[in-house]
Amino acid sequence: MCALSLVNSDITQPGTTWSNAIEARPRRRWNRTHARLHRLDEIAKRLRALERP
């Protein structure tokens, strides 16, 4: 397991940043979770399309 803090660009406007923390998990489980997080937007779009009348 590891810890990480990252700022990848200048923060020039107060209140425009966010942060999050996800609990530590075994590496294989984290890899699956991470892959699913990246697919959430596409899954949400598909679900909305299915729910439309």
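Student: What does Ile43 count as, and at what relative accessibility?
Tutor: Ile43 counts as partly exposed, at 44% relative accessibility (buried is under 20%, exposed over 50%, partly exposed in between; 1.4 Å probe, protein chains only). This is a predicted model, where local features need pLDDT of at least 70 and side-chain atom pairs pLDDT 80 or more, while totals for chains, interfaces and linings use all residues. Numbering runs from 1 along each chain as its sequence is written, and side-chain values use heavy atoms, without hydrogens and water.

Student: Where does Ile43 lie?
Tutor: In helix α1, a DSSP run of H or I with at least four residues.

Student: Which residues make the nonpolar surface patch?
Tutor: Ile43 together with Ile22, Trp30, Leu37 and Leu40, covering about 430 Å². Patch members have over 30% relative accessible area and no salt bridge, with nonpolar side chains joined within 5 Å and like charges within 9 Å.

Student: And where does Ile22 lie?
Tutor: Ile22 is in the segment before α1 and is partly exposed at 41% relative accessibility.

Student: What does Ile22 touch?
Tutor: Trp30 and Leu37, leaving out residues up to four places away in sequence; contact means heavy atoms within 4.5 Å.

Student: Switching to charge, which residues form the positive patch?
Tutor: Arg28, Arg29, Arg32, Arg36 and Arg39. Arg32 belongs to helix α1, residues 27-51, and is partly exposed with a relative accessible area of 45%.

Student: How many helices and strands in the protein chain?
Tutor: The protein chain has 1 helix and 0 strands. Buried residues are 2% of its 53 residues.

Key:
Accessible areas come from the Shrake-Rupley method with a 1.4 Å probe; for residues, only the protein chains shown count as cover. A salt bridge is a side-chain nitrogen of Lys or Arg within 4 Å of a carboxyl oxygen of Asp or Glu. Lys and Arg count as positive and Asp and Glu as negative; His and the chain ends are not counted. The place of a charge is taken as NZ of Lys, CZ of Arg, CG of Asp or CD of Glu. Helices (H or I, at least four residues) and strands (E, at least two) are DSSP runs, numbered from the N terminus.
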